[in-house]
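Biologist: I should be grateful for a close look at a single part of this model, the surroundings of the ligand. Please then continue from there to the elements elsewhere in the chain.

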Amino acid sequence: MEKDQLENNNRDGIRESLWQPASLSQTPQNHSTEKGYDVLIIGGGITGITTALMLQRAGKQCILAEAKNLGYGTTGGTSAHLNTFLDSTYPEIDSDFSKEASKMLAEATRSVIEDIKSNIDGLNIDADFEYKDGFLFSQNDKEDEELQQILESSQEAGIAVSESATNGLPIPFKRALKFDQQAQFHPIKYINGLATEFERLGGKIISGAMVENTTFKDGLHQATAKDLIINAKSLVWATHIPPGINLLSLRNAPYRSYVLALTLQDGNYPDCLSYDMKEPYHYFRSHEIDGKHYLLIGGADHKTGHEDPVAAFNELESYARANFKIATIDYKWSSQYYVPVDGLPYIGQLPGGDEHTYVATGFNGNGMIFSNLSARIISDLILGKENELGKLLSPSRLKPVSGFTEFIKENADVAYRFVADRFGAKLIESTSEIELEEGKIVDFEGEKLAIYKDADGVVTALRPVCTHAGCIVNWNNAEKSWDCPCHGGRFSVSGEVITGPPRKELEKVDLS
Ligand SMILES: Cc1cc2nc3c(=O)[nH]c(=O)nc-3n(C[C@H](O)[C@H](O)[C@H](O)COP(=O)(O)OP(=O)(O)OC[C@H]3O[C@@H](n4cnc5c(N)ncnc54)[C@H](O)[C@@H]3O)c2cc1C
């Protein structure tokens, strides 16, 4: 049976991911925060926890504040492939940055996989880590050409890749590349293991602490969450995207990606990671949990708040059925990632932020790798060490020309949505026109409202203006949330912030 409509959801959507049952095992305790800390890390995903552990190991006294529970964000909705090749391909990095940048990233990505393996081995974490071959395959002439460039640039960058006679899947292809020593793991079991070690070393984790405000005075940050004040010398926004309106909201575009975990009639599960070259591309891998095999298929990505999420799931399911003999679809979930305008993440000092304020964002679909690089770069910045990669990925870097084009395109789209979505809501005379478990932006008694009707017919009305930059939110009927098409802020049916850069909830409207 498909798992959705989770009652106590511990992820930022209502659909349960394959990893979620494991996240229930981690119940971080609340701690006293009276004294000051060296570092406050905000966000309990893979970036926050890896950074916190690295700094605690280096002798810093750290505290991690998570709005909900560890793994609540995209880390709980990822597909957890570990790759040495990136969504921005090496030919793109060669031309938009430099060949030197490609070499540096190739070496760094390889070393991250080793680092994760060594954490898992060293801490005895049962995180289902396995090395796998990774295949990238073309299906037409245009993709063939691109594949050839990827082969050449990747080899030049030092990646272990070669031509392959198989793509590891029962899907027809023209040419395929094999990337050696890729890997996969269970992201929630992994972060739970790191969190346990972090606490063993004296680090503090506070869950249920949404940081609403921060100030900086006399060399000290003060962060305020509900009923809680935390003081620290350095502050790390490990929130996937930093809150508020800043340069990085403009340089990252929010996207959603969809994943199915299914069982196969013939039991013939691919023993690899594999990727086609469509836009958006499909990704494939298998995972065994409690003796049961699953095939994970992902794709159907689109900009958040721009397309119909139910249609995206349907499209992915049709694609899966066309290529595999499916027995059951057990899990179906979607999650959010951020595409940086120039192709590489932004890791380091927050531009325009207070001193000693760090950020890690723009990971595209490679956050399992970039989270670890973020931890290294931010730790080095805090510890006063040189980090060459930190210079390349600095959030204050100047935009290359290609990034500038994307920057204009993304922000023109934001401007368009800001204006266009203010018109054209459906005029309704009564909330009876809204179906059960449906949300709609409507014109009701002269006011534009976001209305949701639950399974019992109870109606919640909200003002549909995103509290981040004022765009109009759209209904996501697959994850039952209000999603902002501009910067990816997402809100629950009762208006609570569930992800993205806003920190204030949507205003409630009393219809009575
Ligand atoms: C469907 C999908 C598949 C993917 N597959 C892969 C893959 O195979 N390989 C790969 O490398 N990458 C993949 N990615 C990308 C990767 O999953 C993410 O980049 C990564 O999980 C981001 O981790 P994070 O810790 O930075 O952010 P998150 O996991 O989103 O964590 C941020 C945390 O911050 C908390 N938070 C936010 N605001 C506040 C606040 N004000 N106060 C306190 N806490 C706050 C949130 O509750 C959340 O728990 C995928 C992404 C998607 C969407």
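Modeller: What follows begins with the ligand and then moves on to helices, hairpins and a sheet. The model is a predicted one.

The ligand is surrounded by 37 residues, and the closest are T47, E66, T75, H81 and M368. By class, this shell divides into 16 nonpolar, 20 polar and 1 charged residue. Several elements contribute to the shell: α2 (46–57), β11 (252–264), β15 (326–340) and α9 (367–383) each supply at least two of its residues.

From T75, a polar side-chain atom lies 2.6 Å from an oxygen atom of the ligand. From T78, a polar side-chain atom lies 2.8 Å from an oxygen atom of the ligand. M368 contributes through its backbone, with an N or O atom 2.8 Å from an oxygen atom of the ligand. Taken alone, the ligand would expose 1,000 Å², and the protein buries 95% of that.

α9 has 17 residues and reaches 23 Å from its first C-alpha to its last, which is close to the 24 Å expected at 1.5 Å a residue. The helix is mostly covered, with 14 of its 17 residues buried. Just after α9 comes G384, which takes a positive phi of about 75 degrees.

Helix α6 (residues 187–200) may be described in a similar manner. Its 14 residues should span 20 Å at 1.5 Å a residue, and its end C-alpha atoms are 20 Å apart, which agrees. α6 is also mostly covered, as 10 of its 14 residues are buried. Among the buried residues are P187, I188, Y190 and I191, as well as L194 and F198; the buried residues of α6 also include N192 and E197. G202 follows α6, and its phi is positive, near 100 degrees.

At 32% relative accessibility, E114 counts as partly exposed. The C-alpha atom of E114 is separated by 9.7 Å from that of Q181, although the two residues are 67 residues apart along the chain.

The description now turns to strands. Strands of a sheet pair through backbone hydrogen bonds, either parallel or antiparallel.

Strand β8 (residues 213–217) is joined to β9 by 5 bridges, and the two run antiparallel. Within this pairing, T215 has Q222 of β9 as its bridge partner. The hairpin of β8 and β9 has 2 residues between the strands, and D218 takes a positive phi near 50 degrees there. On the other pairing, 5 bridges join β9 to strand β10 (residues 228–237), again in the antiparallel sense. Here A223 has I230 of β10 as its bridge partner. The hairpin of β9 and β10 likewise has 2 residues between the strands, and in it D227 takes a positive phi near 55 degrees. The two faces of β9 can be told apart by cover: H221, A223 and A225 form the covered face, whereas L220, Q222 and T224 form the uncovered one. The bridge partner of T215, Q222, therefore belongs to the uncovered face under the cut-off of 20% relative accessible area for burial.Strand β20 (residues 447–453) is joined to strand β21 (residues 459–462) by 4 bridges, and these strands run antiparallel. K453 stands opposite V459 in β21. The hairpin of β20 and β21 has 5 residues between the strands, and G457 in the turn has a positive phi of about 90 degrees. β21 also pairs with strand β26 (residues 508–509), in the antiparallel sense and over 2 bridges. In that pairing, K508 of β26 is the bridge partner of L462.

Finally, 4 strands form an open sheet in the order β22-β23-β24-β25, with antiparallel pairing. β22 (474–476) and β25 (497–499) stand at the edges, each with a single partner strand, so one side of each is left without a neighbour in the sheet. β22 pairs with strand β23 (residues 481–483) in the antiparallel sense over 3 bridges. One of the residues in this pairing is N476, whose bridge partner in β23 is S481.

Note on methods:
Residues numbered from 1 in each chain as written. Predicted model: local features only at pLDDT ≥ 70, side-chain atom pairs only at ≥ 80, totals over all residues. Heavy atoms only, no water. Near = heavy atom within 4 Å. Polar contact = N/O pair within 3.5 Å; in protein donor to acceptor, adjacent residues only side chain to side chain. Areas by Shrake-Rupley, 256 points an atom, 1.4 Å probe, with all protein chains shown as cover. Nonpolar A, V, L, I, M, F, W, Y, C, P; charged D, E, K, R; others polar. Pairing = 2+ DSSP bridges. Expected span 1.5 Å × (residues − 1). Buried < 20%, exposed > 50% of the residue type's maximum accessible area, 1.4 Å probe, protein only.
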